[in-house]
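Colleague: Before I use this model, I want to know what stands behind the terms. Take me through the pairings and the pocket, please.

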Amino acid sequence: MRPLDEKETTMVFEKLFKFTGPNLKHLLERPSAEGPDPEPGRYCLRLHKNRVFYASESLVRRATAVFRTRLAGVGTPIGKFTHGGAFHLTVHALDLLAAHARRRVWLKPDTERSFLFGNSVPKSALARITENTKSGDGVVVMSMADVPLGFGVAARGAQDYRKADTNAVVVLHESDAGEYLRKEEELM
């Protein structure tokens, strides 16, 4: 387990900033209550076997006593680096993103299952959307009971979605978002 190098840190922070915006600083600067230390430590990001973990500094210090081959992970896994070098957020990061999200989308109760099965969100499934959402922004998808369901990319802004057809896609599921953004960049 090691700290992230400069390039890796930049990639992780860019991805997290897409969803949290300026709230990213609260993610790492919040005090941790874990561990036997009398003073609260901070949270940090560590890399282990191509996976990025979000853990308190005291937990990371105690994990150094475990052999690297025996260590499965420390803290919350928030993402992983692919063989190609890209960083992907995993669903384990959902609680962190939901707590610090800048933009949210709420789904109607009867359409939640469709999103959970990996489908994108059409306009007809949308109950509410954060007002300042723009196309390409990262959004956290919530149920009407404020339970985080997942995250994705806004295909249309808050103003554009009102004018759209009822079957038009408003939020892309995160697994589909990379392909959509590449196509959008080609059109520009």
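Colleague: Which residue is the bridge partner of Trp 106 in S9?

Modeller: In S9, Trp 106 has Met 142 as its bridge partner. The model is predicted: local features need pLDDT of at least 70, side-chain atom pairs count only at pLDDT 80 or more, and totals for chains, interfaces and linings use all residues. Residues are numbered from 1 along each chain as its sequence is written, and side-chain values use heavy atoms, with hydrogens and water left out.

Colleague: What makes S6 and S9 a pair?

Modeller: Two strands pair if DSSP finds at least two bridges between them. Strand S6 (residues 104-107) and strand S9 (residues 138-142) have three bridges, in the parallel sense. So they pair.

Colleague: How do you know that S6 pairs with S8?

Modeller: Three bridges again, this time antiparallel, join S6 to strand S8 (residues 126-129).

Colleague: Why are S1 and S5 called edge strands?

Modeller: The open sheet has five strands in the order S1-S2-S3-S4-S5, with antiparallel pairing. Strand S1 (2-3) and S5 each pair on one side only. Inside that order, six bridges join strand S2 (residues 43-48) to strand S3 (residues 51-56). Arg 46 has Phe 53 as its bridge partner in S3.

Colleague: What counts as a strand, and how many are there?

Modeller: Strands are DSSP runs of E, at least two residues; helices are runs of H or I, at least four, both numbered from the N terminus. The protein chain has 11 strands and seven helices.

Colleague: Which residues line the second largest pocket?

Modeller: Lining residues have an atom within 4 Å of a pocket point. Here they are Met 11, Glu 14, Lys 15, Lys 18, Ala 86, Phe 87 and His 88. Helix H1 (6-20) and strand S5 (87-89) each give two or more residues to this lining. H1 has the largest share, four residues.

Colleague: What makes it a pocket?

Modeller: On a 1 Å grid over the protein atoms alone, a pocket is an open set of points with protein on both sides within 12 Å along at least five of seven lines; in a cavity, a 1.4 Å probe fits but cannot get out. The volume of the second largest pocket is about 150 Å³.

Colleague: How many residues of the 188 are called buried?

Modeller: Buried residues (under 20% relative accessible area, 1.4 Å probe, protein chains only) make up 42% of the 188 in the protein chain.

Definitions and conventions: Buried means under 20% relative accessible area, exposed over 50%, partly exposed in between (1.4 Å probe, protein chains only). Grid points are joined across faces, edges and corners, and a volume is the space filled by probe spheres set on the points.
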